[in-house]
Amino acid sequence: MIGADAMRVTAKGQPLCIGGSKSVSDLIGEDINIEWDGETGAVTGELKHVEGWQEFSNVPEEQEGNFFPITLDASYTGKPITVERTEGKAKTVVDRNWILRVPDTSTVFTFSVDGAAIFALDFSGATLTGAD
């Protein structure tokens with residue numbers, strides 16, 4: 001599965017971690033949408049600004065910002081997923097649930113399995129609200 005079939009925006013109202021203080025509706029607006037062109041999804045809508053989110057990271061600089069929650073298709077269960085951000089920062093984890101910290105609208109996240117890209121999310125059309 002690739003492109004739109006590989007993922008979905010995490011369901012609104014769903015808690016983001018057990019006992020956590022945030023839910024999906026704390027992160028994104030009702031207007032969130034992804035328009036797909038092959039393997040690339042163009043995200044539009046509001047990503048709300050969050051401050052002091054200690055459950056997201058123990059690094060203070062990463063506890064603030066705009067976040068985007070997604071869930072990968074069940075076919076990716078147990079597979080190592082690599083996510084690479086525009087500036088080359090990459091992380092590989094075996095997990096279907098991801099929360100992306102979006103630093104600015106020029107950010108693109110590329111998801112891959114075993115070196116093969118499954119989709120990319122482009123945030124150039126998103127609205128990042130909050131801090132200046």
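**Figure 1. Threonine 10 lies in the loop between β1 (7–9) and α1.** Helices (H or I, at least four residues) and strands (E, at least two) are DSSP runs, numbered from the N terminus. The model is predicted: local features need pLDDT of at least 70 and side-chain atom pairs count only at pLDDT 80 or more, while totals for chains, interfaces and linings use all residues. Residues are numbered from 1 along each chain as its sequence is written, and side-chain values use heavy atoms, with hydrogens and water left out. Threonine 10 has a relative accessible area of 5% and is therefore buried (under 20% relative accessible area; exposed is over 50% and partly exposed in between; 1.4 Å probe, protein chains only). Its contacts (heavy atoms within 4.5 Å), leaving aside neighbours within four places in sequence, are Val24, Pro69, Ile70 and Thr71.

**Figure 2. The largest nonpolar core has 30 residues.** A nonpolar core is a set of buried Ala, Val, Leu, Ile, Met, Phe, Trp, Tyr and Cys residues joined through side-chain atoms within 4.5 Å. Phe68, Phe111, Leu121 and Phe123 have the most contacts inside this core. Two or more residues each are contributed by α1 (24–27), β3 (40–47), β5 (65–72), β6 (80–85), β8 (97–102), β9 (108–113) and β10 (116–128). The largest share, five residues, belongs to β10.

**Figure 3. Surroundings of leucine 121.** Not counting residues up to four places away in sequence, leucine 121 touches Met7, Ile34, Trp36, Gly41, Val43, Phe68, Ile70, Leu100, Thr107, Val108 and Phe109. Leu121 is also one of the residues with the most contacts inside the largest nonpolar core.

**Figure 4. Valine 94 is part of strand β7 (residues 90–94).** Valine 94 touches Gly78, Lys79 and Pro80, with residues up to four places away in sequence not counted. Phenylalanine 67 is 27 residues from valine 94 along the chain, and their C-alpha atoms are separated by 20 Å.

Figure 5. From the N terminus on, the order of elements is β-α-β-β-β-β-β-β-β-β-β. The radius of gyration, taken over C-alpha atoms, is 14 Å, close to the 14 Å that the globule rule gives for 132 residues, so the protein is as compact as a globular protein of that length. That rule is 2.2 Å times the number of residues to the power 0.38. The C-alpha atoms fill a box of roughly 35 × 30 × 30 Å along the principal axes. Of the 132 residues, 35% are buried. Among contacts with a separation of 6 or more, 54% involve residues 24 or more positions apart.
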